[in-house]
Amino acid sequence: MPSEFELIRRHFDRAATHTLLAVGDDAALVRASAGMELAVSTDLLVEGTHFRAGDDPRALGHKALAVNLSDMAAMGAAPRWATLAIALPRADEAWVAAFAAGFFALAARHGVDLVGGDTARGPCTFCVTIFGEVPQGLALFRAGAAPGDDIWVSGELGGAALGLEQPGIAAAAARLHLPEPRVELGERLRGLATSAIDVSDGFAQDLGHILERSHVGALVRYADLPRFASFPDRETEQRCVLAGGDDYELAFTAPQAHRGEIEALGAELRLRLSRVGSIQRGEPKLVLLDEAGAPMPVPRGYDHFAAASSASAA
């Protein structure tokens, strides 16, 4: 059985592209580019809460980094460096190799250097901390939405939650296990969006965070929400679309004057960008309208300490 240090050397010690000192020392050394601010985020994935025992390790490696890349996208930051801490019940080298392959394939696509981390024996857990750069004064925040702003959503909602409920639906399972972080979209929204958040705990709940931080309300038309292609019934659709986690799409707000630019950006990126409602004056409350224009109940999204389900959003 390989030792901790052999596992690190074989599978996680990779050449760095924009790092002064990476894996192999007591700490990494990085240097931010001139005129840039650092954005930092940490996410934890725990077996039994965020993924199931027996899930594909390559997909887990991808997702461990993807959820952090999504946070960078929501801030308009370009990802640069990451650390990875892993706890495993045993040193299964084939499993570790597959996990590392998934992690580094996504890291290479987005120019991320792995610069450190830790390993330990214990319940299967992954913790990634990511560092990104954003030009001074151009970071996206949850605060900033203003009355009259449009509300936009990228991609489609609900597929990952459906994949969690019904793993046999292959397209939905792919949304759950191989999320596509909207990194380029986030960077291109600098100067266009007034606020942004990634949809990780359910659209309604995550949009609510923007409303709370911006001190505004919102009116959203359910019919305009971009939805995964196929649901078995209406109740499942509404639950997954409004409250399902793990989509890792971006919800953002922007002035009406930017509609044309945002539509052109979606076409350029070949990414569906849907205008689903508007920001309103008043208390931070989401008003959701059905196809007939009648108010709908707003469901609560995922909460680690309020939910008893065995797996959900990160």
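At 2% relative accessibility, D246 counts as buried. Buried here means under 20% relative accessible area, exposed over 50%, and partly exposed in between, using a 1.4 Å probe and protein chains only. D246 is not a glycine, yet has a positive phi of about 70 degrees. The residue lies in the loop between α8 (234–243) and β8 (249–254).

H215 is another non-glycine with positive phi, at about 60 degrees. The loop between α7 and β7 holds H215. H215 is exposed, at 62% relative accessible area. Most residues other than glycine have a negative phi.

## Model and overall make-up

This is a predicted model, in which local features need pLDDT of at least 70 and side-chain atom pairs count only at pLDDT 80 or more, while totals for chains, interfaces and linings use all residues. Residues are numbered from 1 along each chain as its sequence is written, and side-chain values use heavy atoms, with hydrogens and water left out.

The protein has nine helices and 11 strands. These are DSSP runs numbered from the N terminus: helices are H or I with at least four residues, strands E with at least two. Of the 314 residues in the protein, 51% are buried. Among contacts with a separation of 6 or more, 86% join residues 24 or more positions apart. Contact means heavy atoms within 4.5 Å.

## The seven-stranded sheet

An open sheet of seven strands runs in the order β6-β8-β5-β9-β7-β10-β11, with mixed pairing. Two strands pair if DSSP finds at least two bridges between them. β6 and β11 are the edge strands, each pairing on one side only.

β7 (217–221) runs antiparallel to β9 (273–280), and four bridges join them. G217 has Q280 of β9 as its bridge partner. β7 also runs parallel to β10 (286–289), again with four bridges. Here A218 is bridged to L286, and R221 to L289.

L289 also has a bridge partner in β11, P295. β10 and β11 (295–296) pair in the antiparallel sense over two bridges. The two strands form a hairpin with five residues between them. G293, in the turn, has a positive phi of about 85 degrees.

## V128 in strand β4

V128 belongs to strand β4 (125–135). V128 is buried, at 1% relative accessible area. D43 is 85 residues away in sequence, but its C-alpha lies 5.6 Å from that of V128.

Neighbours within four places in sequence are left aside for the contacts of V128. The remaining partners are S41, T42, D43, A64, L65, N68, A82, T83, L84 and F103.

## Helix α5 and its buried side

α5 spans residues 170–177, with A172, A173 and L176 buried. These three lie on the same side of α5, because they cover an arc of only 100 degrees around the axis. The arc is taken from the directions from the helix axis to the C-beta atoms. An α-helix has 3.6 residues a turn, so residues three or four places apart point the same way. The buried residues of α5 pack against α2 and α4 (159–165).

## The second largest pocket

The second largest pocket holds about 340 Å³ of space. It is lined by 22 residues, of which D71, A74, R142, I197 and D198 are the closest to its centre. A pocket is found on a 1 Å grid over the protein atoms alone: an open set of points where a 1.4 Å probe fits, with protein on both sides within 12 Å along at least five of seven lines. Lining residues have an atom within 4 Å of a point. Grid points are joined across faces, edges and corners, and the volume is the space filled by probe spheres set on them.

β1 (36–46), α2 (57–75), β6 (195–199) and α7 (203–214) each supply at least two lining residues. α2 gives the largest share, five residues. By class, the lining has 12 nonpolar, three polar and seven charged residues. Nonpolar covers Ala, Val, Leu, Ile, Met, Phe, Trp, Tyr, Cys and Pro; charged covers Asp, Glu, Lys and Arg; the others, Gly among them, count as polar.
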